[in-house]
Amino acid sequence: DANAAMGVSSLGINFSGTIESTGTGGISLIGAAGTASVEAGITMGTANILAKSGAITMVGMNDSSNTGLNLGTATLGFKAGTNVLTSSSTITLKADGIGFGTTAVNTTGTVGIYSLDASNSFGSAQTLPSNFTLSSGVTGLTIGKTLNTAAITVDRAVDIAGPISIYGGKITLNADLTTGATTGSGILLQGTQIVQAAGVDVNTSGANISYALTNSPWTSVQDFGIYLSGTSANKATLNAAGGNVSMTASYATTGTSGGYDRLVELDNASIKTRGAGTITITSDGSNNGNGAATDVWAIGFNTSTAGSGLIQTENGAITLTGTAGKLNANSRGIVAQTSALSILSASGAITLKDIQPAGTTGSYYGMYLRANSTGPHYYGSDGTTVLSGTSTASSSDITIQSDKVGFVADSTRKINFVTSGD
């Protein structure tokens, strides 16, 4: 405890070396910083914190604006060449600010990264850096508490055996998330904004994928809530491999008018599952009070740049429900305006629903589906993509529901409904 320390540095625990627990015992390190130009609750140099099965817990206490836990060059769990060659330890890191350093976390237990017990949220934005590694046997990863409002950025690919849950304000994926989970929750992102960069893949082995967005901000500039920002060469992809894919989104009740807003924007995105897995996107833009002479759209496909989009199931339903903004000059629930778009299923029902919100005082224009130079639209089957077994055929029932619908095509780029269903 360095709470009484003053001067150049104030470190609750400053450690380099090795701590090993070769039996069932755990390891707990708890450090508190004082006030100095260099301060941290726990600072690691080159360190090994190793346990065969007992829990490893590290708690670094500092004021919320400074680093509580600085991991340096650390290995947690097990390490070759030591007395701990395997680990099933639960590993928990707690601090309001964490410096991840060059850290290897090796265990078949779960890993949790949280703010302090007294804090709902990290004190500042946190980044999982490219030099932070998790062994493939990790059976679960959680970053943040459910009430965390600090931004979380993932710059390192995560490929583990168990589920992945990330809670934050703005969540940015600059690297892949992969889990071997086959049932239940596989990957859960819960935040106020979710951005998935071009070339980033989010995959399970049959477990569900959920992107849950609440209180998404609307400001004086353009705003995206859930944003899959792929390019023609590098798609942003989700594949639940038989699990369900769910995206839910809603705006905050207060904000600032200006700019155009897309609550869910899917640019050069691919969202797939198979078997009985379903894909559901529910986006409610009605809280957006943007009264500027611009547009608020709940679900958009390549609305600002030409591209292509794919949503595909085998036998599971595809349901897109977009509720438009209510105050702006151009209000729509579902828009694909510069997009080649394929929404395909072998037999699952395909439903697109565009809803005008109660209390609309702006201009509601409804659903808008426009093929362009990028390519046509296909609903049901595109005649080429294999949807089940070796078949490209679809028997899906297709429903388009909206008070207003615009279909825009030309002689070569058409809106195609291809199914033997209704």
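I began with the term: a salt bridge is a side-chain nitrogen of Lys or Arg within 4 Å of a carboxyl oxygen of Asp or Glu. The model is predicted, so I noted that local features need pLDDT of at least 70 and side-chain atom pairs pLDDT 80 or more, while totals for chains, interfaces and linings use all residues. Residues are numbered from 1 along each chain as its sequence is written, and side-chain values use heavy atoms, without hydrogens and water.

Entry one, salt bridges. I found 3 of them in the structure.

D295 and R262 meet through their side chains at 2.4 Å, N to O. D295 lies in strand β29 (residues 295-301) and R262 in strand β26 (residues 261-267), so this pair ties together parts 33 residues apart in sequence. Strands are DSSP runs of E, at least two residues, numbered from the N terminus. Both D295 and R262 are buried (under 20% relative accessible area; exposed is over 50%, partly exposed in between, with a 1.4 Å probe and protein chains only).

D410 and R413 form another salt bridge, at 3.0 Å, N to O. I listed D410 as partly exposed at 34% relative accessibility, and R413 likewise at 26%.

Which residues line the largest cavity? I wrote down F100, I113, Q126, T127, L128, I143, I152 and T153. A cavity is a set of points on a 1 Å grid over the protein atoms alone where a 1.4 Å probe fits but cannot get out, and lining residues have an atom within 4 Å of a point. β11 gives the most to this lining, with 3 residues.

Methods:
On a 1 Å grid over the protein atoms alone, a cavity is a set of points where a 1.4 Å probe fits but cannot get out, and a pocket is an open set with protein on both sides within 12 Å along at least five of seven lines; lining residues have an atom within 4 Å of a point. Helices (H or I, at least four residues) and strands (E, at least two) are DSSP runs, numbered from the N terminus.
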